Amino acid sequence: MTHKKRMYLCSIAIAFVAIIWAATWMARGMSDFDLSDHTQRQVSFKVEGAVLSGTLVTPNNTIAPPIAIVVHGDGAQDRFSNSGYLPLINTLVDAGIGVFSWDKAGVGNSTGNWLHQTMNDRADEAIAAANAIASVDGVDPNQIGFLGFSQAGWVLPRVANTMTPAFTVLVGGAVSWRDQGTYFSRIELVSQGIAPDLIESRLLDRTLNYDAVFASASDPSRAPEMDPDRFRFVAGAYWEDSTDLIAEMKGPILAVWGADDLNVDAKADSATYRQQLMPITDARHVLVIPDATHALLRANLFNYQLVDDWPWYNQYLFIGMGRTAYAENAIGLIADWILKQNDN
């Protein structure tokens, strides 16, 4: 056999091994997007004329596990956030924690329109979800808590002022809508390479403009870049600030941010939570996870402001990595904390 032919066959062998390895890697990651090993029940509930539809996922052969009710962030999200929640849900259920999540109003199998909701409406919806899950066979009403993301920072403090959840976990929760919008815009401008002095000028103009636009919040034509429904939604939330609500939250609280969050000012908002939740204890805990994104994914691989900004190959990377796409032990810390509250 000639040297050239041996090299050719060797290349084929290496390529074959690489394909097999890649297929095995993808299959392992894809298993984190499959809920078939767990018990799934469809649960619907009514709020203000809308019928909201969701899925309760629980561990098999587990009696009355703690249940984490998911409260979405912004956007038209279905119950599993276009499958993005599935690795997180699988990890929590594997740890012995049930998860309930529903399609937002007007999304998937839910009726209504989420853009017509205020943060008070969203809080009422979360409480209605808890009441619905409390009536499900095998659920202990005293073990129902919440797991909220981003915009839930204006929802769950209201919920935990109204009722006493078994636990409240907030991931990337924002405190001030106005300040969060400024921070988000600042990150955008920095990524575009805009000069620092020009950034400050543009942000000041933005704040003054939006303050004026949303002062009365009655004329969508004043913000032509927004769909009228979106305008009304933002107008109803623009002056939201959960600072005072945080101090009055009842039940155990875990507030978590990724240190490299590009959407929410993790440093400032975690400081607000620490101040408002004093004294900090295991049951009122604030945590900033290093090398983590807004959603607690690995920052070196997935740090974009929006999933829509991901390059095409990041979609495949996320599928291949599954739960390992999250920052080291990020989900594990949340699961351990929830279980600890269940033991107390």
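Trp-310 is in contact, meaning heavy atoms within 4.5 Å, with Leu-297, Phe-302, Tyr-304, Gln-315 and Phe-318, leaving aside its neighbours within four places in sequence. This is a predicted model, where local features need pLDDT of at least 70, side-chain atom pairs count only at pLDDT 80 or more, and totals for chains, interfaces and linings use all residues. Residues are numbered from 1 along each chain as its sequence is written, and side-chain values use heavy atoms, with hydrogens and water left out.

Trp-310 sits in the loop between α10 (299–302) and α11; helices are DSSP runs of H or I, at least four residues, numbered from the N terminus. Is Trp-310 buried or exposed? Its relative accessible area is 11%, so Trp-310 is buried. The cut-offs are under 20% for buried and over 50% for exposed, with partly exposed in between, using a 1.4 Å probe and protein chains only.

Now Trp-312, which belongs to helix α11, residues 312–321. Trp-312 counts as exposed because its relative accessibility is 65%.

Last, Lys-104 lies over the face of Trp-114, 4.6 Å from the ring centre; the criterion is NZ of Lys or CZ of Arg within 6 Å of the centre and within 35 degrees of the ring normal.

Note on methods
Helix = DSSP H or I, 4+ residues; strand = E, 2+ residues; numbered from the N terminus.
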